Amino acid sequence: MKPGAASPQRVGMFGGAFDPPHWAHRALAETALQQLGLDVLHILPTGYAWHKTRVLSPAVDRVAMCHLAFDDLARVKIDEREIQRQGPSYTADTLHELRREYPGAQLFLILGADQLLSFRTWVRWQEVLDLATLAVANRATNIGADAPLDHAVETDLSQVGLPFDRLDMPLKNISATAVRARLGQAAQSTSTLEVLVPEAVASYISTHHLYQNPT
Ligand code: ATP
């Protein structure tokens with residue numbers, strides 16, 4: 001930051017596997033920037049994802065696709081710290097670091113509804129709640145590979161019993177799982193992929209032959 005520049009007061013953190021980043025991730029980032037009035041939004045591709053059961057694509061590809069998906073949004077930073085961290089990477093650690101980097105700022109953790117529902121399984125989740133305000137976008141109940149794009153039922157968050165702010169975003173029934181599954185079907189070409197991911201991400205996937213064996 002330039003000397004004398006005001007330090008950011010409202011700082012967002014948006015973590016994910018981004019394997020690959022898709023239109024719903026992009027919509028969530030835009031919604032958070034706007035509705036929370038963020039000064040900066042850190043987008044953090046995860047390193048070792050303790051909560052995912054499959055092996056993620058190489059970090060170098062996921063980072064490159066994040067740049068393609070988000071770089072044109074003002075006030076966004078693609079933040080590689082979780083990838084560079086040795087061993088398991090926890091949100092609580094990242095939030096402690098952000099708090100040190102932005103003293104006095106209000107921190108927001110941006111999530112989809114599925115992550116809010118499993119939030120109590122997160123390592124040191126109470127610490128996360130102490131450090132950041134959860135900002136949650138709703139997500140369809142069915143987010144699997146076969147989820148229909150045109151029909152989505154909202155997840156009921158009324159019984160969650162955790163404090164959170166709602167982000168008001170139209171439901172987008174897109175998941176990275178569905179993108180990978182679609183690419184694994186031999187007859188699909190990447191041209192049909194653009195309803196799911198930004199064009200530059202679709203081209204990257206094609207050039208680098210990603211997701212040919214979906215997981
Ligand atoms: P996968 O299908 O591989 O599990 P994903 O599509 O859920 O991946 P992640 O990278 O795991 O994508 O998600 C990062 C964050 O974005 C999470 O907080 C998740 O809830 C949120 N998110 C992803 N897709 C959507 C969506 N369609 N609507 C709302 N939030 C979403």
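1. A charge is said to sit over a ring if NZ of Lys or CZ of Arg is within 6 Å of the ring centre and within 35 degrees of the ring normal. The charged end of R120 meets this rule: it sits over the ring of W125, 5.5 Å from the ring's centre.

2. As to the basis of these remarks, the model is predicted, so that local features need pLDDT of at least 70 and side-chain atom pairs count only at pLDDT 80 or more, while totals for chains, interfaces and linings use all residues. Residues are numbered from 1 along each chain as its sequence is written, and side-chain values use heavy atoms, with hydrogens and water left out.

3. Aromatic pairs are taken among rings of Phe, Tyr and Trp (its six-membered ring) whose centres lie within 6.5 Å; planes under 30 degrees apart count as stacked, over 60 as edge-to-face and the rest as tilted. By this rule there are four aromatic pairs. One of them joins F14 and F18 edge-to-face, with 5.3 Å from centre to centre and 85° between the planes. F119 and W125 also form an edge-to-face pair, at 6.1 Å centre to centre and 70° between the planes.

4. Burial is judged by relative accessible area: under 20% is buried, over 50% exposed, and partly exposed lies in between (1.4 Å probe, protein chains only). F14 is buried at 4%, and F18 is buried at 2%. F119 and W125 are both buried. F14 and F18 belong with F70 to one aromatic cluster; F70 is among the buried residues of α2.

5. Helices (H or I, at least four residues) and strands (E, at least two) are DSSP runs, numbered from the N terminus. Helix α2 has twelve residues and reaches 16 Å from its first C-alpha to its last, close to the expected 16 Å; the expected span is 1.5 Å times one less than the number of residues. Its buried residues are D61, R62, V63, M65, C66, A69 and F70. They pack against α1 (23–35), β2 (40–45), β3 (76–78), α3 (81–84) and α8, where contact means heavy atoms within 4.5 Å.

6. Which residues of α4 are buried? They are T91, A92, T94, L95 and L98. These residues cover an arc of only 160° around the axis, which puts them on the same side of α4; the arc is that of the directions from the helix axis to the C-beta atoms. Their cover includes β1 (10–16), β2, α3, β4 (106–112) and α6 (125–131).

7. T91 lies in helix α4, which comprises residues 91–101. T91 is buried, with a relative accessible area of 18%. Leaving aside neighbours within four places in sequence, T91 is in contact with M13, E82, L109, W122 and V128.

8. In helix α8 (residues 199–207), V201, A202, Y204 and I205 are buried. Their arc around the axis is only 160°, which places them on the same side of α8, whereas E199 and T207 are exposed on the other side. The buried residues of α8 pack against α2 (59–70) and α7 (176–184). Just after α8, H209 takes a positive phi of about 50°.

9. G184 is placed in helix α7 and is partly exposed, with a relative accessible area of 30%. The C-alpha atoms of G184 and Q9 are separated by 43 Å, the two residues being 175 residues apart along the chain.
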